[in-house]
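Subject: Structure handover

Hello,

Here is the structure for you to look through. My notes on what was found in it follow below.

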Amino acid sequence: MQYNHKVIERKWQKIWKVKKIYEVDDKAEGRKNFYHLVMFPYPSGDLHMGHWYNFAPADVYARLKRMQGYNVLSPIGFDAFGLPAENAAIKNNIHPEKWTLKNIKTMTAQLMTTGNSYDWSRVIITCAPDYYKWNQWLFLKLYEKGLAYRKKAPANWCPSCKTVLANEQVIDGKCERCGSIAVQREIDQWLFKITDYAEQLLNDLDGLDWPERAKTMQKNWIGRSVGVIIKFQVVGLDMGIEVFTTRPDTVFGATYLVLAPEHELIQKLKARVRNWRPVLKYLETTKSKTEKERIDEGRAKTGIELTGLRVINPATKNEIPVWTSDYVIGSYGVGAIMAVPSHDERDREFAATFKLPVSEEPLRDPEEAITAVNGKRVVKYKLRDWLISRQRYWGTPIPIIYCKHCGTVPVPEESLPVKLPPLRDFKPADDGRSPLARDKNFMEAKCPKCGGEAERETDTMDTFVDSSWYFFRFLDPKNKKAMFDALIAAKWLPVNTYIGGVEHATKHLIYARFITKFLQNIGLSSVSEPFTKLVNQGLILGPDGQKMSKSRGNIVNPDELVKEFGADAVRMHLCFMGEYSQGGPWDPKGILGVSRFLNRVLALKNKIGGEKEEGIANENDATQKILHKTIRKIEEDLENIKFNTAISALMILLNELERQKKITIETFEIFLLLLAPFAPHLSEELWQSVLKDRKTAGRGFASIHFEPWPKYNKKLLKDDTFELVVQVNGRVRDSIIIPTDYQRDKVEEAALNSESVKKYLGNNKPERLIYIPQKLINIVIAEEKKENGAGRAF
């Protein structure tokens, strides 16, 4: 029997939409709120299989929680600003806004076909002024608290995208978006002072139900180091150079000092540097190198001595030279290190390259060393402040005005939003300035303080600002007076389950945690952490085992699969194909099996009849035991995000029910309830037909997706017997049924009395019996030697 998935799925998607069954009130009588969220997508084009793999299995979990009695909020929206949309718009010669809104329309229609239980009344689009207004409000609040600041500093620059990149957006020295090699540029830029929250961000990780990999990535990114500041006196000057070290016990072996090329003291002390021209030349060469290149352990060490500049080792009182080298990073520690070639590999390599002395001074007790040099204990972090400036068009304008008389002036809150003008020429410029700098109408402004002529900031915000707080806005998306209502947010937060890729651990996830803590500090958020539980899905690969991409020609189009097999089949196949956290290659044959399974479910309805199951071998009790074990198994698996094993259990149950001549309507209903999270359309269709058969349809529409999750009977979970595998010398010779209440002596007796086993034992007495309870027993005997060709073969 074939079911018409096109008719059934369109029918129920329309009914669910009209009846608004997934639209959620902030408080539902008798139901506890449960906030379920997937990372919202970039509207980069069509909905691809990666989107489906993120969204569809996640919806299975949302549906389980709803049937468990929770008031489940599962919203969706679009992360619409940023480089992907702008680059695509340039490539296709279309305005970013037009490109983005067109894609949102397409992806919305596609998302509707998934059958996911989203609350569509709460959709947010981050490029809309009523959303990015609150990005600007957030910026002003951070600025007000001294956590948003502007400075000229070296930055990662992508020559192709023509914009600054945060450290997190440079992967292996390349722009994460286009793959171009990033270079260093000195540029004025706005930053958020996330480093003020480093300790909180690190300590609070321990209380989160997150995968260890994601937590470890954040811990390493924050990079807490406990160390000591030691001052080295400059010879001939009344000043010292401070260094940071985690090994104060090695200070007696320090034979030279190294400053980062960007260390401010190099410029301040240049009058004392006798070889300033070659030093300046070296400093210029380092500017083009990324941090990744500079700290790469495999590359040859470079540097130059600042001749004429020497310092005194406070432990040995010896004069030592001062060098600059790009293997020291200005933003880590204090941008200066004491070099100890006898105890540090990098210092040893540097010393060997430039023939610098190596001291074999013995290690001292750390406390003794700290006292000897008058060191100061400090904690340092590898985490850098969040660079939010982007010299691109498609983003949130930074709400700052520059006045010749008043300096840097924030835009008043009542003047928000500062709207992004509809530029015709929005392509990035080679001079490093934002395209907004070319729009005089945008640039020219009045100073909010003195009323004089002024100019607007032309940089736009990193798109990660948009996603750093969007989960708050879902709770109050139409609020025109505030970012969100704090009382409403308190009813839902923190997010109970958040689902998305682990690649966001050191970007979006750390930014969202920072902003949540800030919003708590200013009294707007009731929680300090946004996401209680994090689930990282794996990567779905092409049929060839490679990452899906158009260039490889291994893209699988989900729209075509939905047309051919239906959304329920695509959902179930994605859930069944493997461990959700691992991902794996798309198996085109697998969906055929799932499709056949759904057709068998449809046919199962024909077996309904009678008051109890009529088994082909009087296995009614066994069938009920399998049913109730399956209820427990599926619930436990779904709670642990093991969708594949849950479906496997459902398939085993279907096999058992198909063996029966008849099944009760109650058994069929339980089966449908177990199927509902995976195949929402077919389960709803069959559920409604059962209600009609029961003549209960007149009570009004009662969706299966709001029915209680079935309860299992604990008594039926216990087995009266178990199958025991019997081995002789490690080879299987029989399997026998044993009562579960048998003690070991009775199990051994039953195994030894097996007729199949006896013929292999002969007159041999067992040397020992190895028993794995309720699974296996191995009878070990001495094998007889063959005599005159006779003997027993084992």
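In which helix do Lys141 and Glu144 both lie, and how many residues apart? Both are in helix H5 (residues 129–144), 3 residues apart, about one turn of the helix. Helices here are DSSP runs of H or I with at least four residues, strands are runs of E with at least two, and both are numbered from the N terminus.

Before the rest, some ground rules. This is a predicted model, in which local features need pLDDT of at least 70 and side-chain atom pairs count only at pLDDT 80 or more, while totals for chains, interfaces and linings use all residues. Residues are numbered from 1 along each chain as its sequence is written, and side-chain values use heavy atoms, with hydrogens and water left out.

Salt bridges

A salt bridge is a side-chain nitrogen of Lys or Arg within 4 Å of a carboxyl oxygen of Asp or Glu. The count comes to 37 salt bridges.

Lys141 and Glu144 form one of them, with their closest N and O atoms 3.5 Å apart. Lys141 counts as buried because its relative accessibility is 16%, whereas Glu144, at 51%, counts as exposed. The classes are buried under 20% relative accessible area, exposed over 50% and partly exposed in between (1.4 Å probe, protein chains only).

Another salt bridge joins Asp188 and Lys152 at 3.9 Å, N to O. Asp188 lies in strand S7 (residues 183–192) and Lys152 in strand S3 (residues 148–158), so this pair ties together parts that are 36 residues apart in sequence. Asp188 is partly exposed at 30% relative accessibility, and Lys152 is exposed at 52%. Both belong to a network of salt bridges that also links Arg150 and Glu457.

Arg122 and Asp119 also meet in a salt bridge, at 2.9 Å from N to O. Both of these residues, Arg122 and Asp119, are buried.

The cavity

A cavity is a set of points on a 1 Å grid over the protein atoms alone where a 1.4 Å probe fits but cannot get out; lining residues have an atom within 4 Å of a point. Points are joined across faces, edges and corners, and the volume is the space filled by probe spheres set on them.

There is 1 cavity of 30 Å³ or more. The largest cavity has a volume of about 180 Å³. Its lining has 18 residues, and Gly82, Leu83, Arg390, Asp462 and Thr463 lie nearest its centre. Helix H3 (83–91), strand S21 (460–461) and helix H14 (463–467) each supply at least two lining residues.

Regards

Conventions
1 Å grid on protein atoms, 1.4 Å probe; cavity = no way out; pocket = protein on both sides within 12 Å on 5 of 7 lines; lining within 4 Å.
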